[in-house]
Amino acid sequence: MDYKSSLIQDGNPMENLEKQLICPICLEMFTKPVVILPCQHNLCRKCANDIFQAANPYWTGRGSSVSMSGGRFRCPTCRHEVIMDRHGVYGLQRNLLVENIIDIYKQECSSRPLQKGSNPMCKEHEDEKINIYCLTCEVPTCSMCKVFGVHKACEVAPLQSVFQGQKIELNNCISMLVAGNDRVQTIITQLEDSCRVTKENSHQVKEELSQKFDTLYAILDEKKSELLQRITQEQEEKLSFIEALIQQYQEQLDKSTKLVETAIQSLDEPGGATFLLTAKQLIKSIVEASKGCQLGKTEQGFENMDFFTLNLEHIADALRAIDFGTDEEEEEFIEEEDQEEEDSTEGKEEGHQ
């Protein structure tokens, strides 16, 4: 449904139009000049300036010799944040279309005759308009109620004066509430920034912690490789020694076996002269071979590798004790260890004496 058809359907297009021309701050019809916000909502310039000043109390006004900086406030209709340049509210564009519509509306209203139902009427006196305000009962009423009715003994005031005072008070309350909302929004923004910084800081310390543990892993891997290499070297040296002994004993065994075979063949010689030619030398070789078996041997426990055993309990305890702490706690811990070492050294020296 378009704007024109909606006005016709409502039955009172002028009243509907007037609702569209009400400022959300002062609740009055827009006063010139009317400024249009970036969100396309309208405000009286004075009202816009009031909420701008409330949201930016340290902003320098027009005409100051000090260089001005911009500010910001939120639209009271949609809460959209409006960012101002150094001109403040005076940098906003005027909505000439709305101003022209207001002029046409006022001309139309002035040319129309005053209708009886345009002002609220008193319920007690149907022909009397409500034109005064009872300060005692705090309700609007009519002159007849003051003269003859229930408000005869009450204190009254002109309706217009109370009306203006109440509007000013309400306007101030609105400005105060808008300023309070801006402060709350500022706190929310600060808390959101705090969340973001907390996440960034957490990510940073996690990265640093991971790097430190990666360094520990690298040190452990390097040390592990070094110790394994030392075990492998010891293993190779022992195996080399044992294999050399095996080779020597194998050669001695082969030599003895051949000598036995030669001796057995000599025993089978039927001729005494032939036997005697070789027997003496053969017996001498066998005796020397029996006495000369003085090859090296491995000592008892030669195969053991127990001296490569590590006691890592204190290192495991130190790793389990890794925790977050201050530099002061680390310094105190180092000082305690140094003190224990000094006490232990002094005790040993006293024992020797």
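**Working through the model**

Trainee: Where does Met29 lie?
Mentor: Met29 is in the loop that runs between helix H2 (13-20) and strand E1 (34-36). Keep in mind that this is a predicted model.

Trainee: Is Met29 buried or exposed?
Mentor: Its relative accessibility is 14%, so Met29 counts as buried, the cut-off being under 20%.

Trainee: And which residues does Met29 touch, leaving out those up to four places away in sequence?
Mentor: Glu18, Leu21, Ile22, Cys44, Ile102, Tyr105 and Lys106. Glu18 is 11 residues from Met29 along the chain, with 7.4 Å between their C-alpha atoms.

Trainee: Changing topic, how much of the protein is buried?
Mentor: Buried residues are 19% of the 353 in the protein. The accessible surface is about 27100 Å², and carbon and sulfur atoms hold 54% of that.

Trainee: How many helices and strands are there?
Mentor: The protein has 9 helices and 8 strands. Three of the strands form an open sheet in the order E7-E6-E8, with antiparallel pairing.

Trainee: Which strands stand at the edges there?
Mentor: E7 (139-141) and E8 (156-158). Each has a single partner strand, so one side of each lacks a neighbour in the sheet. From one strand to the next, the twist averages 35 degrees.

Trainee: What joins E6 to E7?
Mentor: 3 bridges, with E6 covering residues 132-134. Tyr133 has Pro140 of E7 as its bridge partner.

Trainee: Which helix lies across those strands?
Mentor: Helix H6, residues 159-267, lies across E6, E7 and E8. H6 runs at about 80 degrees to E8.

Conventions: Residues are numbered from 1 along each chain as its sequence is written. This is a predicted model: local features need pLDDT of at least 70, side-chain atom pairs count only at pLDDT 80 or more; totals for chains, interfaces and linings use all residues. Side-chain values use heavy atoms; hydrogens and water are left out. Helices (H or I, at least four residues) and strands (E, at least two) are DSSP runs, numbered from the N terminus. Buried means under 20% relative accessible area, exposed over 50%, partly exposed in between (1.4 Å probe, protein chains only). Contact means heavy atoms within 4.5 Å. Accessible areas come from the Shrake-Rupley method with a 1.4 Å probe; for residues, only the protein chains shown count as cover. Two strands pair if DSSP finds at least two bridges between them. Axes are lines fitted to C-alpha atoms, for helices over the stretch in contact, and angles run from 0 to 180 degrees between N-to-C directions.
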